[in-house]
Amino acid sequence: MTWPGGPVLGIETSCDETSAGVVEGGSIRGHVVASQDAHARFGGVVPEIAARAHLRQLDSVVAATLEEAGLRPAELAGVGVTAGPGLIGCLLVGVNWAKALAFGLDLPLIGLHHMEAHLFANSLEQPDAKPPFIALLVSGGHTMLLWVPEWGRYSLLGQTRDDAAGEAFDKVGRRLGLPYPGGPEIDREAAHGAPGSYSLPRPMLSAADGPEDRSYFDFSFSGLKTAASLLIQEIESAGDGALERARPDLAAEFQAAAVEVLVEKTLRAVRLYGCGRVVVGGGVACNSLLRKRLASALGPEGELFAPSPRLATDNGAMVARLAEHRLAAGERSGLELTADPSLPFPGLEPEREGAAASPASA
Ligand code: KG4
Ligand code: ZN
């Protein structure tokens with residue numbers, strides 16, 4: 001199916017950001033992100049509150065996006081929407097909204113995978129951020145290490161076996177008495193602390209593992225989170241402001257442990273595939289230590305693509321960018337499109353046979 005091209009609207013409502021973006025020819029024409037701060041006092045996202053907020057905000061978020069783009073709805077050439085994974089009530093708001101728009105204006109519609117959209121975010125700012133590359137996707141719900149030989153073809157090298165990286169930051173942030181979300185707060189606290197004042201584990205970094213072992217690329221953050229929690233409890237029990245005094249050092253050590261694991265696993269993939277181009281995405285890609293450590297580990301030979309914070313966290317522009325790519329490839333969703341909270345990542349190469357794929361077979 002040929003597609004004439006033109007401005008594409010992307011809609012993102014999978015978690016607690018109501019966002020829309022218009023992208024044309026790989027560039028942003030309009031972009032609005034409405035973050036929901038109603039969740040902070042609960043220390044995490046409350047799905048029902050998030051879904052209702054999307055419902056309230058989405059009309060005006062899209063209207064503001066089109067105004068910024070200088071477009072009337074009828075001038076759009078297509079619409080893309082995050083269909084999963086995410087919170088079902090939240091996803092349904094976006095999917096039904098996009099379907100209504102597509103039906104009403106007779107526009108091509110495409111349902112998309114949220115994490116694949118994160119993969120495309122960098123290319124909005126840096127046109128060179130295209131395959132082949134190693135991708136580290138680190139968000140509040142996912143931790144994935146991928147080899148991307150070309151758009152749409154993905155080898156999943158490793159993923160978390162329990163908590164996502166962002167989830168661990170958020171939970172440890174909460175134990176430290178920091179506001180939600182904990183990731184950016186820990187980043188800020190850590191700037192005043194010293195890693196090494198305390199000692200936390202670096203999970204899944206056994207030197208005995210090789211590329212043929214699953215644990216070589218997989219992540220696990222639950223043990224690190226528990227170790228941090230026990231340490232915090234011990235310090236807290238001393239009372240008299242002990243936790244307040246130790247907070248920067250604890251934040252620094254936790255951040256150093258999480259980042260060391262993320263960087264080392266990424267470097268393992270870089271070495272195995274002989275590819276020094278690395279793309280990071282997802283909210284944790286905002287972490288200042290992660291960016292610094294990855295850049296220095298890759299050295300002058302390597303290329304690190306890390307999006308600006310607005311495009312690293314959830315946003316509609318990345319959805320529009322992916323929608324444009326898939327519409328141009330002739331893909332369409334029918335009006336039977338529905339939200340799927342555990343939508344599988346598209347285009348995954350078959351399971352590596354009990355081991356990491358050799359670069360030649362990838
Ligand atoms: O991609 P995202 O906006 O939403 C999901 O798809 O989950 O990621 C949100 C996550 C949260 O866990 C948040 O704490 C984390 O990204 N995050 C950070 C930083 N900024 C956001 N984690 C560590 N350091 C940061 N600077
Ligand atoms: Zn996300």
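Predicted model: local features only at pLDDT ≥ 70, side-chain atom pairs only at ≥ 80, totals over all residues.
Which helix holds both Glu264 and Arg268, and how many residues apart do they lie?

Figure 1. Glu264 and Arg268 both belong to helix α7, which covers residues 242-273. The two residues are four positions apart, about one turn of the helix. Their side chains meet in a salt bridge, with 3.4 Å from N to O.

Figure 2. The side chains of Glu236 and Arg175 form a salt bridge, at 3.4 Å from N to O. Glu236 is part of helix α6 (residues 222-236) and Arg175 is part of helix α4 (residues 165-175), so this pair ties together parts that are 61 residues apart in sequence. Glu236 is partly exposed, at 36% relative accessibility. Arg175 is likewise classed as partly exposed, at 28%.

Figure 3. The chain is divided into domain 1, made of residues 8-120 and 312-349, and domain 2, made of residues 130-306. The C-alpha centres of domain 1 and domain 2 are 27 Å apart. Where the domains meet, 21 residues of domain 1 are in contact with 22 residues of domain 2. The size of an interface is often given as the accessible area lost when the parts come together. For domain 1 and domain 2, the buried area is about 1,800 Å², and 69% of it is on carbon and sulfur atoms. Met115, Leu119 and Glu349 supply 34% of the area that domain 1 buries against domain 2, more than any other three residues.

Figure 4. Between domain 1 and domain 2, the count is one salt bridge. Arg153 also forms a salt bridge with Glu150, in which the closest N and O atoms are 3.5 Å apart. Arg153 is partly exposed, at 29% relative accessibility, and Glu150 is partly exposed too, with a relative accessible area of 41%.

**Figure 5. The side of domain 1 that touches domain 2.** Six residue pairs are in polar contact between domain 1 and domain 2. On the domain 1 side, helices α3 (114-121) and α10 (316-328) each supply at least two residues. The largest share of this side, five residues, comes from α3. By type, the residues of this side divide into eleven nonpolar, six polar and four charged.

**Figure 6. Helix α3 and its buried residues.** How many of the eight residues of α3 are buried? The helix is mostly covered, and eight of its eight residues are buried. They are His114, Met115, Glu116, Ala117, His118, Leu119, Phe120 and Ala121. Two of these, Met115 and Leu119, are among the three residues named above for their part in the area that domain 1 buries against domain 2.

Figure 7. Thr13 is located in the loop between strands β1 (8-12) and β2 (17-24). Leaving out residues up to four places away in sequence, Thr13 touches Thr18, His54, Leu58, Cys90, Leu91, Val93 and Gly94.

**Figure 8. Leu91 in helix α2.** Leu91, one of the residues that Thr13 touches, lies in helix α2, which covers residues 88-105. Leu91 is buried, at 0% relative accessibility. Apart from neighbours within four places in sequence, the residues in contact with Leu91 include Thr13, Ser14, Thr82, Ala83 and Gly84. Also among these contacts are Ala339, Asp340 and Pro341. Leu91 and Ser14 are 77 residues apart in sequence, while their C-alpha atoms are 4.8 Å apart in space.

How values were computed: Residues numbered from 1 in each chain as written. Chains lettered and ligands numbered in written order. Heavy atoms only, no water. Domains from an automatic or database assignment. Contact = heavy atoms within 4.5 Å. Buried area = accessible area lost by both parts, 1.4 Å probe. Salt bridge = Lys/Arg side-chain N within 4 Å of Asp/Glu carboxyl O. Polar contact = N/O pair within 3.5 Å; in protein donor to acceptor, adjacent residues only side chain to side chain. Nonpolar A, V, L, I, M, F, W, Y, C, P; charged D, E, K, R; others polar. Buried < 20%, exposed > 50% of the residue type's maximum accessible area, 1.4 Å probe, protein only.
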